[in-house]
Amino acid sequence: MADSQADEDFVMDRILTLELARVTERAAVSAARLRGRGDEKAADQAAVDAMRRELNQLPIDGTVVIGEGERDEAPMLYIGEKVGTKNGAKVDIALDPLEGTTICAKNMPNSIAVIAMAPEGDLLNAPDSYMSKIAIGPGYPSGTINLDDPIELNLERVAKAKGVDVSDVTVCVLDRPRHAKLIDDIRAVGASIYLIGDGDVAGIIHTTAPEETGIDLYVGIGGAPEGVLAAAALRCIGGQMEGRLVITREEQVERAKRMGIDDINRKYTMEEMAGGDVLFAATGVTDGNFLKGVKFGRTHITTQTVVMRSTSGTVRYITAQHSHLEKFHLD
């Protein structure tokens, strides 16, 4: 192995084991201080500021490709922003410092701080539009799901692969008016539905551990940037996912073209959305099915984080106690 490749692998390993977790931990703690206060913007800004500070300490030459928006819309962690010390591997970064801002503001379940990282050019530069998605966790035969097939057929294949009846399959769907027919179709074949009000990155990640979350399949229309983040998580753990942009306005078409997307009707595989050596980390902000939220104790803060890497298939859960509250807050 060439020295440069060895150095890059060493950096990626360091990020996986500790540094990337630290990035989402700091963002989660900063947002959690504003849980239940009803101020979505303040909680999101606190998470953005904390995540940016931590990213700029990493030994990477990073570019944000999925962020808080374009430069004129987001003063920090905007699409195209450079982060890191600039002395390290060139990587693309997809992030959501506070996925589920409304959830956090209301102190409801499943708000997380999330980030994905891959070699330069390996993450889809998705425009800020909607995406139609379907996803399942690991352990299924290739081709079990197909975005172009009716939901009834997808449910039949999932049930067959699990060795259960369709009535024993649970589907996670965003609770939106646009999903009314989809919900009716799912219920018509006897499957169970788990409705979520927000946070479709977490919703898709829930399919990676159905024994714990009770969710087998995710389907529906959500954010395209969130789709890339979710694809990164599934790449690491061996799931399956397909997505297609849902673009209805001319300005969205032009924006997609500026980001290198010529065919807005293209169906993307999980690997096309998140390729290469993908790293992923998420820390719970509020308690959820998958991760516990930040806990503020008298002498320490407790966080729970999951970190994953696609090439090794490694998944680590880190429950950390951070001493010296004031120092942690100021770092």
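Predicted model: local features only at pLDDT ≥ 70, side-chain atom pairs only at ≥ 80, totals over all residues.
Residues are numbered from 1 along each chain as its sequence is written, and side-chain values use heavy atoms, with hydrogens and water left out.

View 1. The largest pocket has a volume of about 810 Å³. On a 1 Å grid over the protein atoms alone, a pocket is an open set of points with protein on both sides within 12 Å along at least five of seven lines, whereas a cavity is a set where a 1.4 Å probe fits but cannot get out; lining residues have an atom within 4 Å of a point. Grid points are joined across faces, edges and corners, and a volume is the space filled by probe spheres set on the points. Of the 36 lining residues, D96, D128, D198, G223 and E226 lie nearest the centre. At least two residues each come from α2 (40–55), β1 (60–66), β3 (89–99), β8 (217–223) and α8; helices (H or I, at least four residues) and strands (E, at least two) are DSSP runs, numbered from the N terminus. The lining has twelve nonpolar, eleven polar and 13 charged residues, where Ala, Val, Leu, Ile, Met, Phe, Trp, Tyr, Cys and Pro count as nonpolar, Asp, Glu, Lys and Arg as charged, and the others, Gly among them, as polar. Domain 1 (14–121 + 278–328) and domain 2 (130–273) each supply at least three lining residues; the domain bounds come from an automatic or database domain assignment.

**View 2. Lining of the second largest pocket.** This pocket is lined by 15 residues, with I103, M108, P109, G197 and D198 nearest its centre. Two or more residues are given by each of α3 (101–106), β7 (192–196) and α6 (200–205). Seven lining residues are nonpolar, six polar and two charged. Both domain 1 and domain 2 give residues to the lining, so the second largest pocket lies between them.

View 3. Helix α8 (residues 224–237) has 14 residues and reaches 20 Å from its first C-alpha to its last, close to the 20 Å expected at 1.5 Å a residue (1.5 Å times one less than the number of residues). Twelve of the 14 residues are buried, so α8 is largely enclosed by the rest of the structure; buried means under 20% relative accessible area (1.4 Å probe, protein chains only). Among the buried residues are P225, L229 and C236. G238 follows α8 and has a positive phi, near 90 degrees.

**View 4. Strand β5 and its two partners.** Strand β5 (residues 130–136) is mostly covered, with five of its seven residues buried. β5 pairs with β8 in the antiparallel sense over seven bridges, and A135 has Y218 of β8 as its bridge partner. β5 also pairs with strand β9 (residues 240–246), again antiparallel over seven bridges, and Y130 stands opposite V246 in β9. Strands count as paired if DSSP finds at least two bridges between them.

View 5. A282 lies in strand β11 (residues 279–284) and counts as buried at 2% relative accessibility. The C-alpha atoms of A282 and V114 are separated by 4.3 Å, although the two are 168 residues apart along the chain. A282 also lines the largest cavity, as do residues including N110, H206 and F290. The volume of this cavity is about 70 Å³.

Conventions: Buried < 20%, exposed > 50% of the residue type's maximum accessible area, 1.4 Å probe, protein only.
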